[in-house]
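User: I'm new to this one and would like to get my bearings. Could you walk me through it with a few questions and answers?

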Amino acid sequence: MKKTKVILSAILFALSSFVAQAQGGYAFGEKEITLFDFPLNTNRLEAGLTFGQVGSTTDYARFGMGGYVLVSGVYVDFVHAQPQHKYNHQVSDTKWNDTSVFSINAGYQIPVLSWLRLMPLVGYTQTNDGITDASTVEVDVDENGSSWYHHYTVTPGSRTHYFNFGGGISIQPLKWVSIHFVYSRYAIYGGIGLDILSVAK
C-alpha cells in the first residue's frame, strides 16, 4: 500500500508541475488557458485497453486486463483477472482451486484543461472462488486462429460483491491519444486509448 501511495504522489506531483507550466502558456503549445470547457467532451469517442491490479484491498488482489469506452465524456471500463490455470496447457484429471476477480466502473470526465481531465467513478467489483478442470478443453475460433482453455466453475456461495468508488486522471499528450490512471477502493489500474473521431479525420 505504501508503494502505491508513493507512485500516486509522484504522478500527482508531475501533473501539478505540468499544470503550472500550462498556466504559463507552454503546455502543448496553448497560448490561452480555458478551464472546464465541457463542449470539448462532445467531440470525443474513445476506446482502449485497461490493465492493473483488480481486487485491491481484498485477499484476491492480482493483475487484470480489460478495456474502456468513452462517449462524449461518459466513461465506462472493466478490468478482469482470469482464473489462474484457465489457459494452462496441461490436460489431465487435475482440478485446480482458482479465483477470479472483475471490476466494472463508470464515470464522467471533467475537462479541467483541454489536455487534462478528472474522472469521478463508481462501480462494482466481484471476487469468487472456483475450480478449473484440466480435463476439459474449450475452443475459441476467430479470424486470427484458435485458442483453447479449461472450464472454470464458480464455487456456489463464494461470490463476494463490493461497491467500488474512486477517481482518475486522464491526459491527452496528443489530440488522438489518451493515457489515464484510476485509483479506487477495489481496483488500481491505468489505460491507454485512441480518440476514434480524431484518427478518422
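User: Which residue does aspartate 195 form a salt bridge with?

Analyst: Quick note before we dig in: this is a predicted model, where local features need pLDDT of at least 70 and side-chain atom pairs count only at pLDDT 80 or more, while totals for chains, interfaces and linings use all residues. Residues are numbered from 1 along each chain as its sequence is written, and side-chain values use heavy atoms, with hydrogens and water left out. A salt bridge here is a side-chain nitrogen of Lys or Arg within 4 Å of a carboxyl oxygen of Asp or Glu. With the closest N and O atoms 3.5 Å apart, the partner of aspartate 195 is arginine 44.

User: How many residues apart are aspartate 195 and arginine 44?

Analyst: Aspartate 195 sits in strand S10 (residues 187–195), and arginine 44 is in the loop between helix H1 (2–23) and strand S1 (45–54). Helices (H or I, at least four residues) and strands (E, at least two) are DSSP runs, numbered from the N terminus. So the pair links distant parts of the chain, 151 residues apart.

User: Which residues are linked in a network of salt bridges?

Analyst: The whole structure has two salt bridges. Besides the one with aspartate 195, arginine 44 meets the side chain of glutamate 46 at 2.8 Å, N to O. The linked residues are Arg44, Glu46 and Asp195.

User: Is aspartate 195 buried or exposed?

Analyst: Buried means under 20% relative accessible area, exposed over 50%, and partly exposed in between (1.4 Å probe, protein chains only). Arginine 44 and glutamate 46 are both buried. As for aspartate 195, the label is buried.

User: Why does serine 92 count as partly exposed?

Analyst: Serine 92 lies in the loop between strand S3 (74–81) and strand S4 (95–108). Serine 92 gets the partly exposed label because its relative accessibility is 21%.

User: How does asparagine 164 count, buried or exposed, and at what relative accessibility?

Analyst: Asparagine 164 lies in strand S8 (residues 160–174). Its side chain reaches the backbone nitrogen of arginine 185 at 3.2 Å, and a polar atom of that side chain lies 2.8 Å from the backbone nitrogen of tyrosine 186. Asparagine 164 counts as buried because its relative accessibility is 0%.

User: What pattern does the protein chain follow along the sequence?

Analyst: The protein chain has two helices and ten strands. Read along the sequence, the pattern is α-β-β-β-β-β-β-β-β-β-β-α.

Methods
Polar contact = N/O pair within 3.5 Å; in protein donor to acceptor, adjacent residues only side chain to side chain.
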